[in-house]
Amino acid sequence: MNMKEQIFDHLNTALKIYTDNEYRDVLITAKNDFFKITGNLNEDDDDYDLRMHSFNDWYLMQYSLSDVKRTPMADYIFSQGVEENVAKVLLSYKHSLFQFTGEKRNGVTLFRNLRDEKNMAVKDKAIAPMFVKGDIFLARYFEIESEVVFMPGLCVLPREVKNPVVKEMVKMKSRQSKRDEQSLMLKIEYLKTKSLRYSHLALEKIFSF
């Protein structure tokens with residue numbers, strides 16, 4: 001099993017453990033918190049599945065379990081004795097804004113990391129067909145041997161909001177506060193939800209920071 005397969009195997013196992021009956025109340029609280037921050041979720045929303053994936057990613061990687069003061073992923077690594085090199089990758093996930101460039105080089109697809117202003121290689125053949133050249137989206141991701149591996153919870157944004165979102169992300173990056181950056185990402189998800197709920201409002205008014 002290669003590193004990428006190990007990473008997703010651990011993600012799936014951890015999600016099963018921390019959504020089991022033992023964590024039912026914790027999960028309900030976490031869902032209430034997440035959808036209060038990012039906007040209510042309706043089962044008939046077009047992006048329902050992606051938003052549920054986004055919740056799962058946030059829950060595993062960012063939600064703090066009150067009893068142990070660790071995220072589910074950190075607790076999983078601690079309790080399951082995950083190998084150090086794999087644990088290091090799992091705990092070093094990042095969150096950024098990407099644009100699909102439509103370019104391919106040496107058999108890999110290129111995405112532009114707009115926060116860090118660099119192209120990043122993606123080998124996952126299931127990802128590129130989801131997008132049209134120019135699409136922008138938020139994604140949590142891992143870097144494995146110079147390759148980007150996206151987590152499932154992608155948040156696709158209107159292309160028209162690229163400039164104000166990038167401007168705000170660059171400003172936040174300069175503050176060097178991971179907590180503030182994480183809050184900004186969730187706020188952007190909320191603004192995306194708001195733009196769908198209030199489609200009669202101009203995007204520039206909604207995506208105003």
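**Nonpolar cores and aromatic pairs**

In this predicted model, the largest nonpolar core comprises 32 residues, and those with the most contacts inside it are Ile-7, Leu-11, Phe-55, Tyr-59, Met-73, Leu-90 and Phe-142. Two or more residues are given to this core by each of helix 1 (3-18), helix 2 (24-38), helix 3 (48-61), helix 4 (72-80), helix 5 (84-90) and strand 4 (136-144). Helix 3 provides the largest share, six residues. A second, separate core has 17 residues, including Ile-136, Met-169, Leu-184 and Ile-206.

Within helix 4, the buried residues are Pro-72, Met-73, Asp-75, Tyr-76 and Ile-77. These buried residues pack against helix 1, helix 3 and helix 5. Just after helix 4, Gly-81 adopts a positive phi of about 65 degrees. The charged end of Arg-70 is placed over the ring of Phe-78, 4.5 Å from its centre.

A search of the whole structure identified 19 aromatic pairs. One of them, formed by Phe-100 and Phe-131, is tilted, with 6.2 Å centre to centre and 40 degrees between the planes. Phe-100 belongs to strand 1 (residues 94-105) and Phe-131 to the loop between strand 3 (118-122) and strand 4, so this pair ties together parts that are 31 residues apart in sequence. Phe-100 counts as buried because its relative accessibility is 8%, under the 20% limit. Phe-137 and Phe-150 form an edge-to-face pair, at 5.4 Å centre to centre and 80 degrees between the planes. Since Phe-137 lies in strand 4 and Phe-150 in strand 5 (residues 147-150), the pair ties together parts that are 13 residues apart in sequence. Ring pairs link Phe-98, Phe-100, Phe-111, Phe-131, Phe-137, Tyr-141 and Phe-150 into a cluster.

Technical notes. Residues are numbered from 1 along each chain as its sequence is written. This is a predicted model: local features need pLDDT of at least 70, side-chain atom pairs count only at pLDDT 80 or more; totals for chains, interfaces and linings use all residues. Side-chain values use heavy atoms; hydrogens and water are left out. A nonpolar core is a set of buried Ala, Val, Leu, Ile, Met, Phe, Trp, Tyr and Cys residues joined through side-chain atoms within 4.5 Å. Buried means under 20% relative accessible area, exposed over 50%, partly exposed in between (1.4 Å probe, protein chains only). Helices (H or I, at least four residues) and strands (E, at least two) are DSSP runs, numbered from the N terminus. Contact means heavy atoms within 4.5 Å. Rings of Phe, Tyr and Trp (its six-membered ring) pair if their centres lie within 6.5 Å; planes under 30 degrees apart count as stacked, over 60 as edge-to-face and the rest as tilted. A charge sits over a ring if NZ of Lys or CZ of Arg is within 6 Å of the ring centre and within 35 degrees of the ring normal.
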